[in-house]
Amino acid sequence: MINILIIGPEQCGTTRVFNLVSQAFKIKKYKVLSGWDLELKNYNNYDVLISKLHICNLNKLKKFDYIIFPIRDLRDSAISTKKRYK
């Protein structure tokens, strides 16, 4: 099984990247388990586990095969946050 973590601050594109990665594996006919803060267990029915987080400790990071950290200009992120949450 492939274990992937999408991690980054809020409003930085983590949800978009999470959805794109998940859909890419589904298009390739992999059995995908995706969700928020999934524990790394032995999920025998799945080929790929994709987890999303905003905050994580180093020990948890070491458990994933791949870590994706979307980068967005902080000014753009701040404007997006202000628009979204007023």
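Visitor: Which strand is largely enclosed by the rest of the structure, and why?
Guide: In this predicted model, the strand is β3, residues 48–53. Buried means under 20% relative accessible area. Six of the six residues of β3 are buried, so the strand is largely enclosed by the rest of the structure.

Visitor: Which way do the side chains of β3 point?
Guide: In a regular strand the side chains alternate between the two faces of the sheet. Here V48, I50 and K52 point one way from β3, while L49, S51 and L53 point the other way. Residues on both sides are buried.

Visitor: In what order do the strands lie in the sheet?
Guide: Four strands form an open sheet, and their order is β2-β3-β1-β4. The pairing is parallel. The edges are taken by β2 and β4 (66–68); each has a single partner strand, so one side of each is left without a neighbour in the sheet. On average, neighbouring strands of this sheet are turned by 15 degrees against each other, direction ignored.

Visitor: How many bridges join the strands to one another?
Guide: Strand β1 (residues 2–7) is joined to β3 by six bridges, and strand β2 (residues 32–36) is joined to β3 by five. Three bridges link β1 to β4.

Visitor: Which residues stand opposite L5?
Guide: L5 stands opposite S51 in β3 and opposite I67 in β4.

Visitor: Which residues make up the largest nonpolar core?
Guide: That core has eight residues: I4, I6, F18, V21, F25, V32, V48 and I50. The elements giving two or more residues to it are β1, α1 and β3. Helix α1 gives the most, with three residues. There is also a second, separate core of seven residues, which includes L5, L38, L49 and F64.

Visitor: What does I4 touch, if residues up to four places away in sequence are not counted?
Guide: I4 touches V21, F25, V48, L49, I50, S51, F64, Y66 and I68.

Visitor: Let us turn to single residues of α1. Is T14 buried or exposed?
Guide: T14 lies in helix α1 and is buried, with a relative accessible area of 2%. Leaving aside neighbours within four places in sequence, T14 is in contact with I6, I7, G8, P9, K52, H54 and P70.

Visitor: And is S22 buried or exposed?
Guide: S22, also found in helix α1, counts as buried at 4% relative accessibility. Apart from residues up to four places away in sequence, S22 touches V32, S34 and I50.

Visitor: Is R16 buried or exposed?
Guide: R16 lies in helix α1 (residues 14–27). At 64% relative accessibility, R16 counts as exposed, because the cut-off for that word is over 50%. From C-alpha to C-alpha, R16 and V32 are 16 Å apart in space, and they are 16 residues apart in sequence.

Visitor: How many aromatic pairs are there, and how is such a pair read?
Guide: A pair of aromatic rings is described by the distance of the centres and the angle of the planes. The count here comes to one aromatic pair. It is formed by F25 and Y30, with 5.3 Å from centre to centre and 80 degrees between the planes, and is edge-to-face. F25 counts as buried at 19% relative accessibility, whereas Y30 is partly exposed at 37%.

Visitor: What is the phi of K29?
Guide: Most residues other than glycine have a negative phi. The phi of K29, however, is near 70 degrees, a positive value in a residue other than glycine. K29 is found in the loop between α1 and β2, and at 72% relative accessibility K29 counts as exposed.

Technical notes
Residues numbered from 1 in each chain as written. Heavy atoms only, no water. Buried < 20%, exposed > 50% of the residue type's maximum accessible area, 1.4 Å probe, protein only. Pairing = 2+ DSSP bridges. Phe/Tyr/Trp six-rings, centres within 6.5 Å; stacked < 30°, edge-to-face > 60°. Core = buried A, V, L, I, M, F, W, Y, C linked by side-chain atoms within 4.5 Å. Contact = heavy atoms within 4.5 Å. Axes fitted to C-alpha atoms, helices over the stretch in contact; angles between N-to-C directions.
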